[in-house]
Amino acid sequence: MLPRPGTYTLIFSARKICQPEIGRLGSLQLTPGFYMYVGSAFGPGGLKARIAHHRQIARRPHWHIDYLSPFLKLIEIWYTYDPAHREHQWAQIIASTRGISVPRIGFGSSDCRCIAHLFFRKARPSIKTFRNKIHANTKNHGGIFTEKNVFANKAHGG
Ligand SMILES: [Zn+2]
């Protein structure tokens, strides 16, 4: 992953039921399956720096996802270097995908109009389905890449 700006989706697996506290959102019950979180990185260090952040346990949680990620296992990342801000579009596309539910309205979407930036799916989400939906909806969207099975960080349980 390069230090360039872009948009990403983190795919996490959850193996057991637990109920972490998510700052002011209160507690959120996690159930076994897959959680998807959509974000963007247009600041210094771009995607590379942001993904490095998500791979670690945040000492001072800043985003909602920082409270959640210690309870999940990061298994895959979808990302694009497309220069446009695609995160809200990505969130809407994922929200409209079969089998997707919204664990908590407002999670990760305090600053936008999306229902949430966190989604749940019982079965593992497929990048092929996601790419097809994006390209059917958007002309001139940049390439969407994936990185998986490279997360040996023991800090992430799951
Ligand atoms: Zn949004």
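A residue is called buried when its relative accessible area is under 20%, exposed when it is over 50%, and partly exposed in between, as found with a 1.4 Å probe on protein chains only. Arg121 counts as buried because its relative accessibility is 16%. The model is predicted, so local features need pLDDT of at least 70 and side-chain atom pairs count only at pLDDT 80 or more, while totals for chains, interfaces and linings use all residues. Residues are numbered from 1 along each chain as its sequence is written, and side-chain values use heavy atoms, with hydrogens and water left out.

**The sheet**

- Helices (H or I, at least four residues) and strands (E, at least two) are DSSP runs, numbered from the N terminus.
- Six strands form an open sheet in the order 4-5-2-1-3-6, with antiparallel pairing; two strands pair if DSSP finds at least two bridges between them.
- Strand 4 (100–101) and strand 6 are the edge strands, each pairing on one side only.
- In general, strands of a sheet pair through backbone hydrogen bonds, either parallel or antiparallel.
- Arg121 has its place in strand 5.
- Arg121 lies 96 residues from Leu25 in sequence and 21 Å from Leu25 in space, C-alpha to C-alpha.

**Strand 3 and its neighbours**

- Strand 3 (residues 73–80) is mostly covered, since seven of its eight residues are buried.
- Seven bridges pair strand 3 with strand 1 (residues 6–14) in the antiparallel sense, and Phe12 has Leu74 of strand 3 as its bridge partner.
- Strand 3 is also joined to strand 6 (residues 145–148) by four bridges, and these two strands run antiparallel.
- Ile77 has Glu147 of strand 6 as its bridge partner, and Tyr79 stands opposite Phe145 in strand 6.

**Nonpolar cores**

- A nonpolar core is a set of buried Ala, Val, Leu, Ile, Met, Phe, Trp, Tyr and Cys residues joined through side-chain atoms within 4.5 Å.
- The largest such core has 22 residues, and Tyr8 and Leu68 have the most contacts inside it.
- At least two residues of this core come from each of strand 1, strand 2 (33–41), helix 1 (46–54), helix 2 (64–68), strand 3 and strand 5 (118–121).
- Strand 1 gives the most to this core, with four residues.
- Another core, of 17 residues, lies apart from it, and Val38, Ala91, Ile100 and Cys114 are among its members.

**The zinc site**

- Donors are N, O and S atoms within 2.8 Å of the metal (3.2 Å for Na, K and Ca); water is not among the atoms, so sites may look incomplete.
- The zinc ion has His88 (ND1), Cys112 (SG), Cys114 (SG) and His117 (NE2) as protein donors, at 2.1 to 2.3 Å.
- The donor residues follow the spacing H-x23-C-x1-C-x2-H in sequence.
- The site is tetrahedral, with angles of 104 to 116 degrees among the four donor atoms; four donors count as tetrahedral if all angles lie between 85 and 135 degrees.
- Ideal angles for four tetrahedral donors are 109.5 degrees.
- Cys114 is buried because its relative accessible area is 10%, and His117 is buried because its relative accessibility is 1%.

**The largest pocket**

- On a 1 Å grid over the protein atoms alone, a pocket is an open set of points where a 1.4 Å probe fits, with protein on both sides within 12 Å along at least five of seven lines; lining residues have an atom within 4 Å of a point.
- The largest pocket has a volume of about 380 Å³, a volume being the space filled by probe spheres set on the points.
- Of its 18 lining residues, Tyr37, Trp63, Glu87, Gly108 and Asp111 are the closest to its centre.
- Strand 2 supplies the largest share of the lining, four residues.

Key:
Tetrahedral: all angles 85-135°; square planar, octahedral: opposite > 155°, others 65-115°.
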